[in-house]
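Please keep the structure in view while reading.

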There are 2 protein chains.
Amino acid sequence: MTVEITTLENGLRVVSHEMPHLHTVSLGVWVNAGARNETLKEHGVAHFLEHMAFKGTKRRTAIQIAEEIESAGGDINASTSMESTAYFARVLKDDAPLALDVLSDILLEPRFDQVEIERERQVIIQEINASMDDPADLVFDLAQHCAYPDQALGRPILGTIGSVSGFSPETITAYRDQHYAAPDMVLSAAGAISHDALVREAEEAFGRFSARRSGSWEASEYCGGSSCEKKPLEQTHIVLAFKAPGYTDDAFYTSQVLSSILGGGMSSRLFQEVREKRGLCYSIGSFCTSFEETGLFGVYAATSPELTEELVTVLTGEITGCAATISDDETVRARAQMKAGLLMSLESSSVRADQIARQLLAFKRVVPIDEIADKVDAVDRGAVGALADSVFNTSQPVFSAVGAIDRVASYDWVAAQFGGTKQQVE
Amino acid sequence: MTVEITTLENGLRVVSHEMPHLHTVSLGVWVNAGARNETLKEHGVAHFLEHMAFKGTKRRTAIQIAEEIESAGGDINASTSMESTAYFARVLKDDAPLALDVLSDILLEPRFDQVEIERERQVIIQEINASMDDPADLVFDLAQHCAYPDQALGRPILGTIGSVSGFSPETITAYRDQHYAAPDMVLSAAGAISHDALVREAEEAFGRFSARRSGSWEASEYCGGSSCEKKPLEQTHIVLAFKAPGYTDDAFYTSQVLSSILGGGMSSRLFQEVREKRGLCYSIGSFCTSFEETGLFGVYAATSPELTEELVTVLTGEITGCAATISDDETVRARAQMKAGLLMSLESSSVRADQIARQLLAFKRVVPIDEIADKVDAVDRGAVGALADSVFNTSQPVFSAVGAIDRVASYDWVAAQFGGTKQQVE
């Protein structure tokens, strides 16, 4: 294992995985704060801040940030999720110092000019509009809202046009000051870089970050319920989901195996029954999104309005029939897929940099591949069946739809398939 | 250079790039035939055949194909483009023989059962519906139609609900018999595999393929024109495009540099002017799609209806002003990005397998990275300016839009910006 970790004096953790056969290095900063850390008035500010990082610093204009990295043939980008925000670059190996300098600059000394905020607000409003025009994005946002209503975890990461319209330089600065301290950040690199060189550069570039540790997020309260939006589309998009274990839960790997069996690949139950046997869908699959102490396990599918009733009936049937019928063959196959996926993650510098950074944020250590493989191997048919029984029968389902929703089953009917009581979320 | 090529007796070319540090291998068959080879009655059959390859063979049912690969932790998929169809897998290194056996089985002995065709027809109709609900997909399909009306190159790869509804087992068999001969195929692998082992396995698995060489496609005739579709969306999507060099043209790399300068990254002209300075778009960029003897150079953007007029004015201004103002700095930066991209392509087994297969199909050889880098380095400011002048002023533009099209500029106005005469495509 070539992973090394060093903690700087200010608490910033530096982690690297050297891949000496590569020409390039992927590196970035992962911050332990995202949309989940927002108050209601701050809805969308984590993502807005991520955008503003690229709009100029004390030392660089926006165009200089882009030109310096791209002139070296590299690229730089960022992404905001519920529990973290990542700023990352991929550059040729000799350009790691340049990438670190730019990353520290945009994280340490961003300027939040009023004029630039106004411009970027318009860009983000266009991003929100694009998301509303994407039925898959929309149906997932509706599902997330039903799962965690009136909580940051239930709100769209982008914010709304209304919420982002209210942000001032102070709103953005306040969120940043509260959540962007060195102990809450990981500098991660994978590829053509030595750990010693990375640490030397990191001390120079990131040593001035505040050492104060910031706050965390509120505990979630899963609710369940239904939310549907009528749209004139060729297909109706559906999400049916349930409360699932978080990534700190012992059952985490069991939930991943269950997801793989139900809808993880071409050999999965849903692909075979819904697509191969019935021809109901092109897109069909399951997902298991994990947060710290909670998660969302579900299925997503899209079909024509006249086939929606059959689709929902088949989906609920596959899910309710799952717990009692998990086979050894399926469990072994799902485990093989997950273990091969672990090896594949070692072959991409960008995937690996992201993986070790998120493990440090979540578990305060990098989990060896062999240890994960052992945990995956410990998941047997019985455990998967027991988890399915628990997931599908003890929480209110989430049911969201976008499209011709007048042809979609009622929430009462859907919930009744799982023994749930009725509940409607506005 | 660790690329090796062997031609089997039947004409099948076997190419590999061994990457001994990897645990996995990406491998597949790339066929020199795609949607461009279809007659009007066959519209969509290349893609339909690609789907049917997974629906059962003489030796395996559909579920067996999926289970054999996925039980080994691998995955298998396929994709159809205008000029080629690719069937590829990624597996652990010891499973290359299994992957080759499955690939040869689905390519050599697919069964086109009537029942399975009926089911898969429904899946493809859902895929077409999904594409019609995706405004970016739709606006590109409209642009492609305007560029090459009444030609296979101008028709959507998926086909239409009408065209795929007419396919029988005979339609699919006829297309396959005509275009899937060994001399028109490349078996490509990159990753943890030796060339000698690959060739041995390939002789076993693919030796029985027909050695007859099949036909090619008709020459294209670029036309230009406009096609717009009204949709109730938050954003209006726009493509503005021009005839560009094909990949066999000496100006190919010059066209890629031009695309990079105009809209290739955060430092590009369009990103800076349209997004950073004006906040008009979230998605903005250029593309240069190349076919054998022709190509399409264009820009794509999406914005709110009320901003569409400003967007189109800015886009045409940036494009018309381009030829006279290309700088050395921009050219050097674009070249650096392209050369770094070449090195990055060497670090992914799946990207590399695809790259060397497509080079063999297009150029009948694998082009050394150094040779491409030299060609990129030979592109100077003068060449880019001259190409821009030629591309933007000698062909009728293509202009397509999806959304609130009543607020979009007329084709006459757009074409007049480039000195083109008017032409409307139905």
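Two strands are said to pair if DSSP finds at least two bridges between them. The model is predicted, and every value below is computed from it.

**Strand 3 of chain B**

In strand 6 of chain B, B:Met185 is the bridge partner of B:Val31. The pairing of strand 3 of chain B with strand 6 (residues 185-191) of chain B is antiparallel and spans 7 bridges. B:Val31 also has a bridge partner in strand 5 of chain B, namely B:Thr85. Strand 5 (residues 85-92) of chain B runs antiparallel to strand 3 of chain B, and 8 bridges join the two.

Is strand 3 of chain B buried or exposed? A residue counts as buried if 20 or more other C-beta atoms lie within 10 Å of its own. Of the 8 residues of strand 3 (residues 24-31) of chain B, 8 are buried, so the strand is largely enclosed by the rest of the structure. In a regular strand the side chains alternate between the two faces of the sheet. Both faces are covered here: B:Thr24, B:Ser26, B:Gly28 and B:Trp30 are buried on one side, and B:Val25, B:Leu27, B:Val29 and B:Val31 are buried on the other.

**The sheet in chain A**

Chain A has an open sheet of 6 strands with mixed pairing, in the order 1-2-6-3-5-4. Its edge strands, strand 1 (3-7) and strand 4 (75-80) of chain A, each pair on one side only. From one strand to the next, the twist averages 15 degrees. Helix 3 (residues 96-108) of chain A lies across strand 3, strand 4 and strand 5 (85-92) of chain A, and runs at about 155 degrees to strand 5 of chain A.

Strand 3 (residues 24-31) and strand 6 (residues 185-191) of chain A pair in the antiparallel sense over 7 bridges. A:Leu27 is found in strand 3 of chain A, and its bridge partner in strand 6 of chain A is A:Ala189. A:Leu27 has 28 other C-beta atoms within 10 Å and is therefore buried. A:Leu27 and A:Ser194 are 167 residues apart in sequence but 12 Å apart in space, C-alpha to C-alpha.

**The nonpolar core**

In soluble globular proteins, nonpolar side chains tend to be buried together. The largest nonpolar core in this model has 282 residues, and A:Ala301 and B:Ala301 have the most contacts inside it. The table lists what two residues of chain A touch, leaving out residues up to four places away in sequence.

| Residue | Residues touched |
|---|---|
| A:Leu27 | A:Phe88, A:Ala89, A:Ala96, A:Ala99, A:Ser188, A:Ala189, A:Ala353 |
| A:Ala301 | A:Ile238, A:Val274, A:Cys281, A:Ser283, A:Ile284, A:Leu311, A:Leu315 |

**The contact between the chains**

How many residues of chain A are in contact with chain B? There are 53, and they meet 53 residues of chain B. On chain A, helix 2 (62-71), helix 4 (114-132), helix 10 (269-277), strand 10 (295-303) and helix 12 (328-345) each supply at least two residues of the side that touches chain B. Helix 4 of chain A gives the most, with 9 residues. By class, this side of chain A has 20 nonpolar, 20 polar and 13 charged residues.

The same surface serves both copies, as 100% of the contact residues of chain A recur in chain B.

Terms used: Residues numbered from 1 in each chain as written. Chains lettered and ligands numbered in written order. Predicted model: local features only at pLDDT ≥ 70, side-chain atom pairs only at ≥ 80, totals over all residues. Buried ≥ 20, exposed ≤ 12 C-beta atoms within 10 Å, placed from the backbone. Helix = DSSP H or I, 4+ residues; strand = E, 2+ residues; numbered from the N terminus. Contact = placed C-beta atoms within 7 Å. Nonpolar A, V, L, I, M, F, W, Y, C, P; charged D, E, K, R; others polar. Core = buried A, V, L, I, M, F, W, Y, C linked by C-beta atoms within 7 Å. Axes fitted to C-alpha atoms, helices over the stretch in contact; angles between N-to-C directions.
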